[in-house]
Amino acid sequence: MKSDDLEARMRELEWFHDLRAPPGAWIVLRVDGRSFSALTEREFTKPFDPKFHAGMLETAERLFVELGAVFAYTESDEISVLLAPESDLFHREVEKLVSVSAGVASATFALALHLPAHFDGRLWLGITQKQVVDYFRWRQSDATRCCLNGWCYWTLRQAGKSVQEATRALEGLGFAQKNELLFAHGHNFAKLPSWQRLGSALYWGSVEKPGHNPKTGESVVSLRRSVVLDEDLPRGDDYASFLEALLGRVVGPRESGST
Ligand SMILES: Nc1nc2c(ncn2[C@@H]2O[C@H](COP(=O)(O)OP(=O)(O)OP(=O)(O)O)[C@@H](O)[C@H]2O)c(=O)[nH]1
Ligand SMILES: [Mg+2]
């Protein structure tokens, strides 16, 4: 058997290697901690732990910078990273994008918190800006729902209820009833930290950097690109407007008007 033959036949069986994100589509890479319910119960304070959250933020920033993203959003144990429509990262190869993002997330989080943790990865595509806005609204409403459920469940557990008792007590309760349950135990849901209820975002901003002109010796101030961590996100329609403005800056006024 010729080795060239073998090479060609084996390469043919890499079925998904040529799969690429379509040109011009927005790409979201979402990583999610694998079996983090067990890991967080073992290693962190429930329902939320600032140490865990700090590890997620460090991981989100690493992904954001490493993948040349335009926006990143994290809530609970997941991170969504948005690539601009013109991104040519890894020639838009799906296998490469998904595996590298899960790999970067796993390595960063594991090193930050000294835990053998890992993430899965998936790819979402948005054709229009509206779909991208809806995607991030969807993840934010997931954050709010999980935050309320987590707080209710762990409040009951910490008050002495068993797993079954706490689960049964929450069955069939709506948003308002869960708020009331928490209030009766001394927690005001609306006053919980914003990162727990609404998630956290990263995007590009600029900072003023003082320096001096070596030719004239004059003091000058230049603008440097820097990563902004936003832990005070708006919600609902205000969040949609915030996202529309951010996406508009990414694609520029002409495309922004047409999608
Ligand atoms: N202690 C603690 N737990 C957290 C925090 N943020 C998220 N979690 C937990 O992370 C888990 C995330 O849940 P899922 O992603 O749905 O479940 P999973 O066990 O990771 O399962 P797979 O993602 O399917 O592998 C939940 O149990 C959350 O309570 C935090 O700040 N502190
Ligand atoms: Mg998970």
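Mentor: In this predicted model, donors are the N, O and S atoms that lie within 2.8 Å of the metal, and in sequence the donor residues of the magnesium ion (ligand 2) are spaced D-G-x43-D.

Trainee: How do you know which residues coordinate the magnesium ion (ligand 2)?

Mentor: Asp32 (OD), Gly33 (O) and Asp77 (OD) coordinate the ion at 2.1 to 2.2 Å, and these distances are set against the limit of 2.8 Å for a donor. Gly33 lies in strand β1 (residues 26-33), whereas Asp77 sits in the loop between β2 (71-75) and β3 (78-83), so the pair ties together parts that are 44 residues apart in sequence.

Trainee: What makes the arrangement around the magnesium ion (ligand 2) octahedral?

Mentor: Six donors count as octahedral if opposite donors are over 155 degrees apart and all others between 65 and 115; here the 6 donor atoms subtend angles of 82 to 179 degrees, and the arrangement is therefore octahedral.

Trainee: Why is Gly33 called buried, and what is the relative accessible area of Asp77?

Mentor: Buried means under 20% relative accessible area, so Gly33, at 5%, counts as buried, and Asp77, with 14%, is buried by that rule too.

Trainee: What makes up the lining of the largest pocket, by class?

Mentor: The largest pocket, with a volume of about 550 Å³, is lined by 25 residues, among which Ser37, Thr40, Lys46, Pro47 and Ser76 are the closest to its centre. By class, this lining has 10 nonpolar, 10 polar and 5 charged residues, and α2 (36-43), α3 (50-66), β2 and α5 (129-158) each supply at least two residues of it.

Key. Residues numbered from 1 in each chain as written. Chains lettered and ligands numbered in written order. Predicted model: local features only at pLDDT ≥ 70, side-chain atom pairs only at ≥ 80, totals over all residues. Heavy atoms only, no water. Donors = N, O, S within 2.8 Å, 3.2 Å for Na, K, Ca; no water. Tetrahedral: all angles 85-135°; square planar, octahedral: opposite > 155°, others 65-115°. Helix = DSSP H or I, 4+ residues; strand = E, 2+ residues; numbered from the N terminus. Buried < 20%, exposed > 50% of the residue type's maximum accessible area, 1.4 Å probe, protein only. 1 Å grid on protein atoms, 1.4 Å probe; cavity = no way out; pocket = protein on both sides within 12 Å on 5 of 7 lines; lining within 4 Å. Points joined across faces, edges and corners; volume = space filled by probe spheres on them. Nonpolar A, V, L, I, M, F, W, Y, C, P; charged D, E, K, R; others polar.
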